[in-house]
Amino acid sequence: MRDMQRDLPQILWDPLLEEGVEQDCACSTDRPVIWEAGTEASRETDCACPETSAPVSSPFPSAAGLWRRPSDLYRAPLPDAHELTFNPAGPAGVVVLNEPATYLLDSFATPHPLTSPTSRQLASLGLLTPACATESGVRDTPHTLTAWLHVTNRCNLHCAYCYVRQSDEGMDERTGRAAVEATVRSAVRHGFRAVKFKYAGGEPTLNWALVQSLHRHAAERTARAGLELHEVLLSNGTLLTTEMLDWLRDAGVRLMVSLDGIGAAHDAQRHFADGRGSFALVARTIERAVARGLSPYVSVTVTPDSAAALPETVAFILEHDLPFNLNFVRGEGDVTPADKARLIEGVQAAFAVIGQALPRRRLLDGLLDRSFFGAAHTHPCGAGRSYLVIGPQGRIARCQMEMERAVTDVWADDPLLAVRQRQDGFQNVPVESKESCRDCPWRYWCAGGCPLLAYRTTGRSDTASPYCEVYRALYPALLRLEGLRLLKWSPPVA
Ligand code: SF4
Ligand code: SF4
């Protein structure tokens, strides 16, 4: 814990990741940034992400003009006279201030110029705004085009909530290469800086030779097009051999494994056709992957039935120091009040476990479904904007949950344009267009939740997620957890 007696203002926050909305990648940063009066702002990070635009518009804004404290800052006390501060429309997520920094912030209740480095740092984090500004706009321009490559419809598991219609259908080499070409073509056409391929299914290891071949093709094509390449294999974790794990590590393809609980809790949701559970196999795969130098991203699908098992699931993941996220199940029906209560209770209990062993690793963006606190954003995901879901026959849909509603195919000149122009069905509208979200303090970090789920539940795209109540109940505790983590892991004062 930091020395509370210091007179110098201290500001803690975490470097931001503009592109982190897709939570199956483990590109979060491990170390908080601390800025102290008299030092340069530093961004100490082990982040493997490509450099995106700076999270703050300028590290040290001009001192010219008058600046003020925004009226709608979210503020909450932290131990030892620290304060958690959060500007709902600002460029930074959670910021922790010590008492002198809080005092300085409050002095801007009356507008005045930025006369000190600390005040300029507060301004760069969006905690001070120009006195003449009426409204802060949020820019939300994706730089990565993501393609879900559904390499097979086959799977060896029969998970309770699976939305894939299993069959023997698999992608062939010609279609797979055309999928890579189509993605690169659209990425270049629309000015993206990077592409990300998700090798998915079904269980993608059941078409392993194609995954390897598409990786090689993607590496060659993206290099030629001047695009960054990111890849992840989305696996159920039951069929990964040692050779496969070594190949993923050496090829730089990330691994995401699904784990919904420990023992019976996992087995109840993720089992074989004959009812046998898959937990033992998945746990062993995770151990083997870690031993071989991988850091698998753990995706936990949370249902009202599995929520009570979250504390031990999270404890297991923390013990292995793995990146993870908690996704709320996207079912067909409404979410009942009883379901919401069980989710809130389960996630709160998981937060308590995390609070007892706050990790150095940033967790904030993975703990509450689609929420992402790395950068203010207006859309919860890339569906209809920066996302292509490509089926085994080369048909392209907007989301993996509606693969049967293809928009175009991989032989189209510009598949992304067709995806963006689709007018029927759900629409991924900006959060300001969602009636119940536009005044919500969490809007630029939640962005209204999964638009497809909202549409399926209500028949409307311009409304909040059915999980809204759950989000609202948990956001304050989530932010507090992050504030405590920043306090714990800030470097000691010299
Ligand atoms: S879904 Fe709820 S919590 Fe999220 S932005 Fe909308 S109103 Fe706010
Ligand atoms: S529409 Fe929903 S399920 Fe589809 S990509 Fe977006 S958040 Fe995910």
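Sorted by class, the shell around ligand 1 holds 8 nonpolar, 4 polar and 2 charged residues, where Ala, Val, Leu, Ile, Met, Phe, Trp, Tyr, Cys and Pro count as nonpolar, Asp, Glu, Lys and Arg as charged, and the others, Gly among them, as polar. The model is a predicted one, in which local features need pLDDT of at least 70 and side-chain atom pairs count only at pLDDT 80 or more, while totals for chains, interfaces and linings use all residues. Residues are numbered from 1 along each chain as its sequence is written, and chains are lettered from A and ligands numbered from 1 in the order in which they are written.

Of the 14 residues around ligand 1, those that come nearest are Cys437, Cys440, Cys446, Ala464 and Cys468; a residue is near a molecule if its C-beta atom, placed from the backbone, lies within 6 Å of it. Helix 11 (443-446) and helix 13 (468-489) each supply at least two residues of this shell, and helix 13 gives the most, with 3 residues. Helices (H or I, at least four residues) and strands (E, at least two) are DSSP runs, numbered from the N terminus.

Around ligand 2 stand Arg330, Arg370, Pro380, Cys381, Ala383, Cys399, Met401, Cys450, Pro451, Leu452 and Leu453. By class, this shell has 9 nonpolar, no polar and 2 charged residues.

Ser371 is found in the loop between helix 9 (337-356) and strand 14 (387-390). Ser371 is buried because 22 other C-beta atoms lie within 10 Å, the cut-offs being 20 or more for buried, 12 or fewer for exposed, and partly exposed in between, with C-beta atoms placed from the backbone. Leaving aside its neighbours within four places in sequence, Ser371 is in contact (C-beta atoms, placed from the backbone, within 7 Å) with Trp445, Cys446 and Tyr471. The C-alpha atoms of Ser371 and Tyr475, which are 104 residues apart along the chain, are separated by 9.3 Å.

Two strands pair if DSSP finds at least two bridges between them, and strand 14 and strand 15 (residues 395-397) pair in the antiparallel sense over 2 bridges. Ile390 stands opposite Ile396 in strand 15.

Key:
Contact = placed C-beta atoms within 7 Å.
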